[in-house]
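Today I opened my notebook to look up a few things about one protein. Here is what I wrote down.

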Amino acid sequence: MLSSPKDFKALQERGTFRSHPLLATRVLRTDTGPTRFGLATGRALGSAVVRNRVRRRLREALRQMELRPGWDILVIARPAIVGAEYGAVSQALRRLLTRGGVVGGEGA
């Protein structure tokens, strides 16, 4: 997991932004060990219970994917994610990370 403010700042400044109606991602190639991720679930999503549920669903979707090593990922949840089915969330996340080069075939 990403935890230091320095890492989040680097993602904000140099990360590549990808967007979807359910969520957005920022990815940054680091080439330093395993892929790390951070989750942003703002109060616009709802109560703490709702935000925690969204974080659990996102972590599970990330667990299901084969992430290439050496990336930092920030996943930003949007309010539409609250009412979305898990399959739609997982598919949107996979599409964004594939476009960002974190998930996919050989190369990159």
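I began with burial: 44% of the 108 residues in the protein are buried, where buried means under 20% relative accessible area, exposed over 50% and partly exposed in between, with a 1.4 Å probe and protein chains only. I noted that this is a predicted model, in which local features need pLDDT of at least 70, side-chain atom pairs count only at pLDDT 80 or more, and totals for chains, interfaces and linings use all residues. Residues are numbered from 1 along each chain as its sequence is written, and side-chain values use heavy atoms, with hydrogens and water left out.

Next I looked up the fold. I found three helices and four strands, which are DSSP runs numbered from the N terminus (helices H or I, at least four residues; strands E, at least two). Along the sequence, I read the pattern α-β-β-β-α-β-α. The radius of gyration is 13 Å, close to the 13 Å from the globule rule for 108 residues, so the protein is as compact as a globular protein of that length. That radius is taken over C-alpha atoms, and the rule is 2.2 Å times the number of residues to the power 0.38.

Then I checked contacts, meaning heavy atoms within 4.5 Å. Of the contacts with a separation of 6 or more, 78% join residues 24 or more positions apart.

Last, I picked one residue. Is Ser90 buried or exposed? Ser90 counts as buried because its relative accessibility is 16%. I located Ser90 in helix H3, residues 86-100. Leaving aside neighbours within four places in sequence, Ser90 touches Ala61 and Met65.
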